[in-house]
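This report describes selected features of one structure.

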Amino acid sequence: MNTDDQITGFRQDRIGARLICMLNVMRLAQKFGVKGRFLWLSEPQGPYPELADPHDFLSAAFVAEHIRVVDKAPDLSQMQDAGAVAQSMNARGFGERLAGGGRYSCTTMSETVRFMDETLPDAEAEMREIARQIRLAAPLEKALVRARKVVARAGGGDPVAIHVRRGDILDVPPWCYSSWATKYVPDEFFRAFISTGEGPVISFSDTPEAVRHLAQGNPRILPVTEVFGDARLPQPARDLLELVLMSECAQVGAPSHSAFS
């Protein structure tokens, strides 16, 4: 671990949580003028071997500036977590602690680290600016350009997205034995949402058959598998590109409690 880094981010789960944590580290480091780094866990024999190398997803220059690859989980026990501290501290106080040599970890997986005197819209606006600094690896960048062209050809206005979650919560034990009122959205709800606009509807789903059923008679609905066509990308790379496409949509219709949503 680099002793110059005053903010150290770490997540050992999948790519979405890692990126959100990394963006928080970048925002905090740039906001307070200190060095920050996200530690990317590389475990070729671990639970996520497909995430062993961040260069598979991000440009070499971006990785060099913002990421350090590690082969084991770091010991962050001597650092306070920025996300927890921010809930009871204003930005000035946090900056003063950093100026005094304070060091913090960041383990946030799904939300924006926000100080008491920061409004959510302001913090999220800064996160959006930070996200624009991400530079993808060349194969992903090319696939994203092609996907954007496919969406643009659908025409008709700004694209929206829907996340049709079906297979894992309906068909796979033990999840299918539970009630998923906050993860299941009926087709009728999606159709009502789609009817409020005129642009293309990018449909994300773990069950392509469900999207094809929903899309019957509505050419505006574009299954994300068709948007990327025959691009030969590993699943984590596709996940990342899907997140980028979703972030570019004017609205997202999705279950309220679903990590991808």
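## Lining of the largest cavity

In this predicted model, the largest cavity is lined by Ser203, Phe204, Ser205, Thr207, Pro208, Val211, Pro223, Val224 and Thr225. Two or more of the lining residues come from each of the elements β7 (201-205), α9 (208-214) and α10 (224-227). Strand β7 gives the largest share, three residues.

Sorted by class, the lining holds five nonpolar and four polar residues, and no charged ones. The volume of the largest cavity is about 50 Å³. The count of cavities of 30 Å³ or more comes to one.

## A buried arginine

Strand β2, which spans residues 36-41, contains Arg37. Arg37 is buried and yet has no salt bridge. The nearest side chain of opposite charge belongs to Asp5, 4.1 Å away, whereas a salt bridge requires a side-chain nitrogen of Lys or Arg within 4 Å of a carboxyl oxygen of Asp or Glu.

The side chain of Arg37 does reach the backbone oxygen of Glu65, at 2.7 Å.

## A glycine in a loop

Gly102 is located in the loop that lies between α4 (91-99) and β5 (104-106). Is this residue, Gly102, buried or exposed? Gly102 has a relative accessible area of 18% and is therefore buried, as the term applies under 20%.

In sequence, Gly102 and Gln80 are 22 residues apart. In space, the distance between Gly102 and Gln80 is 9.1 Å, taken from C-alpha to C-alpha.

Notes: Residues numbered from 1 in each chain as written. Predicted model: local features only at pLDDT ≥ 70, side-chain atom pairs only at ≥ 80, totals over all residues. Heavy atoms only, no water. 1 Å grid on protein atoms, 1.4 Å probe; cavity = no way out; pocket = protein on both sides within 12 Å on 5 of 7 lines; lining within 4 Å. Points joined across faces, edges and corners; volume = space filled by probe spheres on them. Helix = DSSP H or I, 4+ residues; strand = E, 2+ residues; numbered from the N terminus. Nonpolar A, V, L, I, M, F, W, Y, C, P; charged D, E, K, R; others polar. Buried < 20%, exposed > 50% of the residue type's maximum accessible area, 1.4 Å probe, protein only. Lys, Arg positive; Asp, Glu negative; His and termini not counted. Polar contact = N/O pair within 3.5 Å; in protein donor to acceptor, adjacent residues only side chain to side chain.
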